[in-house]
Amino acid sequence: MKNTRDYIESRRPRHALTRELYCDEQVYQDDLKYIWSREWIFAGHTFELEKPGSFFTLQIGDYPIVVVRGNDNKIRALHNACRHRGSKVCQQEKGKSAKLVCPYHRWTFELDGRLLYAGNMGPEFNPQEHSLNAAHCEIVETYIYVCVADVAPDFEPFRQAVTPFIKPHYLDNCKVAFESNLIEKGNWKLVFENNRECFHCDGAHPELMNSFVENLSVAGVAEEENPGLTEFWDSCENAGLPSRLVMDEGGQYRMTRIPLSEKAVSYTMDGQPAVTRRLDESGLYDIGALLYFNYPSTWNHFLGDHALSFRILPLGPNETLVTTKWLVHKDAQENIDYDLDRLTKVWLATNSQDRDLVEGTQAGVSSPAYTPGPFSSVAENGVCQFDDWYCEVMKRRII
């Protein structure tokens, strides 16, 4: 009987993945075991946890996690499973609490996970042995990453690579203006594949195409620079905005800045700013869009007037949660400095259109008659790069 490694090894070079890699329950469990339970997963932003006791929760495969700001102002990730009988301690998506209190039997934990109270446990019970288990937690320029592995991968190479790109956008001075959560009935790999190309954009995303132009020289693996792109990069970098493509050796993350369409400076229907308060201090009106992804959980866009962070979390073989957050300057006021409909219209439409595309693809690849096709060498290098990364990681880890 074939297993996940067999399906991966049967993939033809520069072709889409096989049916089972998108649909099979055992493949999904292997994805959780070998990728989602071993990699750094984007959880949220530090400014979402403004004060001690602020928390939010997320589900990383089989692991419920709570991310909380402690009384010492440190942000921690804790396994959201009570050390008594396993109930989720924090059952809301987000909130604020002086202590973390399990709703089942009222076991009470400090914000750093230490057990403070457990009723009726007897004199021999030692609270110090029953703190909430900690998950690994790292922060880079407000981005909170969590890893549930016993031993986490080295975070420093990514931190050093991404920091110069994000820093000039001053995300510490931001807030979430709007959050969208979509459940797409498609495998998480289809969701990321869809993000890694804009081959489909002209026909599917009329709102986005008012401003976005895919630059094929940075869409996938690094290719030869074109003069127009080089001139744009030079202009941005002279203003203190790192722009030239950086991709790690294994292809897991990438950062680059691209120009938008002519006269467009933001993702709006007319291409003009949605927010009057800028994020950067470069002095340039048109800084294009800084793009960065980090497999398997996030891609991001930074503009002069706002930024967008995207997070995906797998919910099942054929189901993925996509969370989008629109980030604006913390002092920007709705209906004064920005109109929410104008700010969100382009990507609310684009996300909905992408959901339809992913769900249609999931229905097609689920057919026993599905045969993987070849990738375009012009427009689908990004998709191929993602699939290559996935296959190489899985082959290394499945013994």
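Biologist: Does E110 count as buried or exposed?

Modeller: The general idea is a cut-off on relative accessible area, where buried means under 20%, exposed means over 50%, and partly exposed is in between, with a 1.4 Å probe and protein chains only. E110 has a relative accessibility of 10%, so E110 counts as buried. This is a predicted model, in which local features need pLDDT of at least 70 and side-chain atom pairs count only at pLDDT 80 or more, while totals for chains, interfaces and linings use all residues. Residues are numbered from 1 along each chain as its sequence is written, and side-chain values use heavy atoms, with hydrogens and water left out.

Biologist: Where does E110 lie, and which residues is E110 in contact with?

Modeller: Strands (E, at least two residues) and helices (H or I, at least four) are DSSP runs, numbered from the N terminus, and E110 lies in the loop between β7 (108-109) and β8 (115-117). Contact means heavy atoms within 4.5 Å; leaving aside neighbours within four places in sequence, E110 is in contact with N71, A98, K99, L100 and L116.

Biologist: Which residues does UniProt list for "domain: Rieske"?

Modeller: UniProt positions are given in the numbering used here, with feature names shortened, and annotations may be inferred rather than shown by experiment. The unreviewed UniProt entry lists residues 42-146 for "domain: Rieske". The end C-alpha atoms of that span lie 6 Å apart, and the span is 0% helix and 42% strand.

Biologist: How should I read a sheet, and in what order do the seven strands of the open sheet come?

Modeller: Two strands pair if DSSP finds at least two bridges between them. Here the order is β11-β17-β16-β15-β14-β13-β12, with antiparallel pairing. The edges are taken by β11 (174-184) and β12 (246-247), each with a single partner strand, so one side of each has no neighbour in the sheet. Helix α4 (residues 156-166) packs on this sheet and touches β12, β13 (253-258), β14 and β15.

Biologist: Why is β13 described as largely enclosed by the rest of the structure?

Modeller: Six of the six residues of β13 are buried, so the strand is largely enclosed by the rest of the structure. Y253, M255 and R257 point one way from β13, whereas R254, T256 and I258 point the other way. On the β12 side, two bridges join the antiparallel strands β12 and β13, and V246 has M255 as its bridge partner. In the hairpin of β12 and β13, with five residues between the strands, G251 takes a positive phi near 80°. With β14, β13 pairs in the antiparallel sense over six bridges, and R257 has L290 as its bridge partner.

Biologist: At roughly what angle do the axes of α3 and α10 cross?

Modeller: Axes are lines fitted to C-alpha atoms, for helices over the stretch in contact, and angles run from 0 to 180 degrees between N-to-C directions. The axes of α3 (residues 25-36) and α10 (residues 381-397) come within 10 Å and cross at roughly 80°. Angles under 35 degrees count as roughly parallel, over 145 as roughly antiparallel, 65 to 115 as roughly perpendicular and the rest as oblique; α3 and α10 are therefore roughly perpendicular to each other. At this contact, V27, D30, D31, Y34 and I35 in α3 meet W389, Y390, V393, M394 and R397 in α10.
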